Amino acid sequence: MTIIEETSSVPTPRSGDSDTTPLLEVRDLHVEFHTRDGVAKAVNGVNYSVSSGETLAVLGESGSGKSVTAQAIMGILDMPPGSIPQGQILYRGQDMLTMSYEERRKIRGRKIAMIFQDALSSLNPVLSVGYQLGEMYRVHEGLSRKAAKAKAIELMERVNIPAAKARVNDYPHQFSGGMRQRIMIAMALALEPDLIIADEPTTALDVTVQAQVMDLLADLQREFNMGLILITHDLGVVADVADKIAVMYAGRIVETAPVHELYKRPAHPYTRGLLDSIPRLDQKGQELYAIKGLPPNLLKIPAGCAFNPRCPKAQDICRTDVPLLDPVTEQDGTELPGRGSACHFWKETIHG
């Protein structure tokens, strides 16, 4: 399902402006779910930003808070059991959490669009893809059915769907998984947003199709100079696409880094574990590495560092004190740009 809302009557600057304000900035965001068993703290003080033309990859295991943060940005957690007790979500410097419902609608879809991970269940099975793509133009821009259909064909061609004119009347089940995901990308692009949030866009696709979808996203981002937030659990997917990475665990960001710096020298034991679990050709015949244990129950997050029950470097302080996301430095104290680690012993990880 792609979030699409009505167009905004207020023009906003696109890429190339001299304004240095981040396109999107999340500050100290907290998200909770109130259940019969207690309060599940899904997001616990997340901070990140993304600018025009920049790709931020948000990584972590299932349940780390990646998708919930994105849903909070899109404004689809405003009803119980979900709540946002604290934080800011700034679009071009304006806090969307303090906006009226109508003001926020003008941003969602038009300025910020989201691609959800399950294309088959997100598309209506009884409507043709052309109808679903054209509906946005009919509803939001008042185009006729004929003009909207022509726009739908243009979108399908833009995302490299072969024989778009012949296939515009086909139904979702008549397309492969990769083609359906391209249609979802086309829907997100329809209103030319400033920012796209792609939630696990390559889930359930084979490796070749994954590469094609990621290349398509990268090409479209360059063409429109959009910001892109890529949510994934797969470090292998983002190596050639992302500019910077935020690693999440138990609702917190535990490491930030430029993409290639993180691959070369991780500064958190959890990130090191994720990297070590990637299959490599030089490990043929060896048992794959896996991080011991399971992610914590969000109703009962461990005291101190949430990763401490699974961490090979955990010490007493890790079980009592929550580590802050501190700047990462070289051994001589020189700060490494864009790098942070929420670990009491990050120096041993990056320099050890």
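Visitor: Why is helix α11 called largely enclosed by the rest of the structure?

Guide: Happy to start there, with a word on the source. This is a predicted model, in which local features need pLDDT of at least 70, side-chain atom pairs count only at pLDDT 80 or more, and totals for chains, interfaces and linings use all residues. Residues are numbered from 1 along each chain as its sequence is written, and side-chain values use heavy atoms, with hydrogens and water left out. In α11 (residues 269-276), 6 of the 8 residues are buried, so the helix is largely enclosed. They are Pro269, Tyr270, Thr271, Gly273, Leu274 and Leu275.

Visitor: Which elements do the buried residues of α11 pack against?

Guide: Contact means heavy atoms within 4.5 Å. The buried residues of α11 pack against α9 (235-238), β9 (244-249), β10 (252-258), α10 (259-264) and α12 (346-351). Helices (H or I, at least four residues) and strands (E, at least two) are DSSP runs, numbered from the N terminus.

Visitor: What makes Leu294 exposed rather than buried?

Guide: Its relative accessible area is 71%, so Leu294 falls in the exposed class. Leu294 sits in the loop between α11 and β11 (326-329). Leaving aside neighbours within four places in sequence, Leu294 is in contact with Tyr249 and Arg310.

Visitor: Why do β2 and β5 count as edge strands?

Guide: Two strands pair if DSSP finds at least two bridges between them. Four strands form an open sheet in the order β2-β1-β4-β5, with antiparallel pairing. β2 (38-50) and β5 (94-95) each have a single partner strand, so one side of each is left without a neighbour in the sheet.

Visitor: How do you know that β1 and β2 are paired?

Guide: β1 (residues 24-35) and β2 are joined in the antiparallel sense over 10 bridges, against a requirement of at least two. In one of them, Glu25 has Ser49 of β2 as its bridge partner.

Visitor: And why does the radius of gyration of the protein chain agree with a compact globule?

Guide: The radius is taken over C-alpha atoms, and the globule rule is 2.2 Å times the number of residues to the power 0.38. For 352 residues a compact globule would have a value near 20 Å, and the protein chain has 21 Å, which agrees. Buried residues make up 49% of the 352 residues.

Notes:
Buried < 20%, exposed > 50% of the residue type's maximum accessible area, 1.4 Å probe, protein only.
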